[in-house]
Amino acid sequence: MADVVVSLFSLVLLCMAAGAQGRKTLRLGHQWLTSYPVIDDNVDGICKTMVETQGYTCEEHKVTTQDGYILSLQRMPAGRSGKKADQPPVLLQHGIFSDASTWLVNSPDESLGFILADNGFDVWLANVRGTKYSNGHKSLDTNDQAYWDWSWDELADYDLSAFVQYVYNYTGQTMHYAGHSLDMYWLGIREFNPNGGGAASNFVENICNKLNLNCSNLMSLVTVIKTGKIAKYDYGDEGDNMKHYGQAVPPLYDMTAIPNEFPLFVTYGGQDLLSDVNDVQVLLNDLQHHDGNKLVVLFKENYAHLDFVRAVNANQIIYDPIIAFYKAN
C-alpha cells in the first residue's frame, strides 16, 4: 500500500464508514449467488452505454491484479467539448451495491465523473472484483467457489494497488483519488447490482429472513452487519489467526499511519445510516494530529448515504468543494 500513497496527490472520502471487520465469502444455503453474464465492452460496457451516449470520449481498459483478477477500468480523457484534460488524473472508486456507473448515473451536470472531465481532469473509473464489469480471472470462473474467496484485504492490497499502478504507468502522473463507501465489499460477498435484483436481492432476503429483520429499507440491514472497527479478515479461529497474523485476533488497520501532510478530504452526512456520525468520528479521532492545512472535513446534516452520489444538488454542495480541494493540492 505504500506505493499507492506515493502515487496519489490527495484522497477524498465520501461518507466512508469506519466499521466492518473483514469477512470472506458468504454462502447462502447450498447455492452460491448467481453471477452476471459476460459483458462485451464494445457493446454494453460502461463507455458505450453511459459515457459516449452523453457525448464524451471514453476508453475501456483492463487491469490484472497480482492474484489473477481481471478488472475493468474506464477512462474519460476529455470533457464534452472535446478539450483534452489539462489537470492530473482522478481515480474514482465506487461503493457498496454498485460499480463505476455510480459516478455517471445523474445528468452530466450532476454526476462527478462528467463534472471532473468538464473541469479538465483525466477521469478514471474503477470497478473492483466481483462487480458486473469486473468478473474475469486468469484461471478461475465466477462459478468457482475459489473465485469468491477474498475479503477487504485483497481489495486494498490488490485491486486498489493495481488500479493506481496502472493509471500511473499509463499517464506518468501522480493522481487524485475519490472513494464512496465500501462497507459491504469488506464482507467479500458476490456481485452487487446497483439497480436491485439478482445477487443483492437474494443476499438481502436471505439475511433478513435469518435475522428476522424488516429490511424494506436496505440500509437498516447494513447497519446490523457492521462491527465498529477496521481490521483484517478474521479466520474465526485463534489458531488460524495466529498462523496468519501472529496474534489471536486480526490486526487493525492503523489509520494514524497516513502521513500527516497527506491531503485528505472527508465528507459525511447526518442522515447516513451506513456511515453514521459515530463511525466517522472513529476515523476523525485517528486523524486528530493530521496537518490542519491538509485535512478538510465537510459535514452535511441532511445528507444520507447515497446523496453523495445521487443528490441533484451534490454538484454544488459536495463536488464544487472537492474540485477546489483537488486544484489546491
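The model is predicted. The chain has eleven helices and nine strands. Of its 329 residues, 52% are buried.

**The chain as a whole**

- Look at the contacts in the chain with a separation of 6 or more: 75% of them join residues 24 or more positions apart.
- The accessible surface of the chain is about 14,300 Å². Carbon and sulfur atoms hold 47% of that surface.

**The nonpolar cores**

- The largest nonpolar core contains 35 residues. Met 76, Leu 92 and Leu 116 have the most contacts inside this core.
- Leaving out residues up to four places away in sequence, Leu 116 touches Val 90, Leu 92, Phe 121, Val 123, Ile 323 and Tyr 326.
- Another core, of 29 residues, lies apart from the largest one. Its members include Val 63, Val 167, Met 175 and Leu 284.

- E5 is mostly covered, and six of its six residues are buried.
- Asp 122, Trp 124 and Ala 126 point one way from E5. Val 123, Leu 125 and Asn 127 point the other way. Both sets are buried.
- Strand E3 (residues 69–76) runs antiparallel to E5, and five bridges join the two. In E3, Leu 73 stands opposite Ala 126 of E5.
- E4 runs parallel to E5, and five bridges join this pair too. Pro 89 stands opposite Asp 122 in E5.

**The disulfide**

- A disulfide is a covalent bond between the sulfur atoms of two cysteines.
- The structure holds one disulfide. Cys 47 and Cys 58 form it, with their sulfur atoms 1.9 Å apart.
- The torsion about the S-S bond of Cys 47 and Cys 58 is about -65°, so the disulfide is left-handed.
- What does the pair tie together? Cys 47 lies in helix H3, and Cys 58 lies in the loop between H3 and strand E2 (59–64), so the bond links parts that are eleven residues apart in sequence.
- Are the two cysteines buried or exposed? Residues under 20% relative accessible area count as buried. Cys 47 has 2%, so Cys 47 is buried. Cys 58 has 11% relative accessibility, so Cys 58 is buried as well.

**Helix H8 and its ends**

- Helix H8 covers residues 238–245.
- Asp 237 caps the N-terminal end of H8. A side-chain oxygen of Asp 237 lies 2.9 Å from the backbone nitrogen of Gly 239.
- Gly 246 follows H8. The phi of Gly 246 is positive, near 75°.
- Asn 241 sits within H8. Its relative accessible area is 2%, so Asn 241 is buried.
- Which residues does Asn 241 contact, leaving aside its neighbours within four places in sequence? They are Tyr 233, Asp 234, Tyr 235, Gly 236, Gly 246, Gln 247, Ala 248, Val 249 and Pro 250.

- Ala 162 is in helix H5 (residues 152–171). Its relative accessibility is 13%, so Ala 162 counts as buried.
- Ala 162 touches Val 63, Thr 64 and Thr 65, not counting residues up to four places away in sequence.
- Ala 162 and Leu 71 are 91 residues apart in sequence. In space, they are 9.0 Å apart, C-alpha to C-alpha.
- Lys 132 is in the loop between E5 and strand E6 (136–137). At 28% relative accessibility, Lys 132 counts as partly exposed.
- Lys 132 and Ser 98 are 34 residues apart in sequence. Their C-alpha atoms are 8.7 Å apart in space.

Definitions and conventions: Residues are numbered from 1 along each chain as its sequence is written. This is a predicted model: local features need pLDDT of at least 70, side-chain atom pairs count only at pLDDT 80 or more; totals for chains, interfaces and linings use all residues. Side-chain values use heavy atoms; hydrogens and water are left out. A nonpolar core is a set of buried Ala, Val, Leu, Ile, Met, Phe, Trp, Tyr and Cys residues joined through side-chain atoms within 4.5 Å. Buried means under 20% relative accessible area, exposed over 50%, partly exposed in between (1.4 Å probe, protein chains only). Contact means heavy atoms within 4.5 Å. A disulfide is a pair of cysteine sulfur atoms within 2.5 Å. Helices (H or I, at least four residues) and strands (E, at least two) are DSSP runs, numbered from the N terminus. Two strands pair if DSSP finds at least two bridges between them. Accessible areas come from the Shrake-Rupley method with a 1.4 Å probe; for residues, only the protein chains shown count as cover. A polar contact is a pair of N or O atoms within 3.5 Å; within protein, one must be able to donate a hydrogen and the other to accept it, and residues adjacent in sequence count only if both atoms are side-chain atoms.
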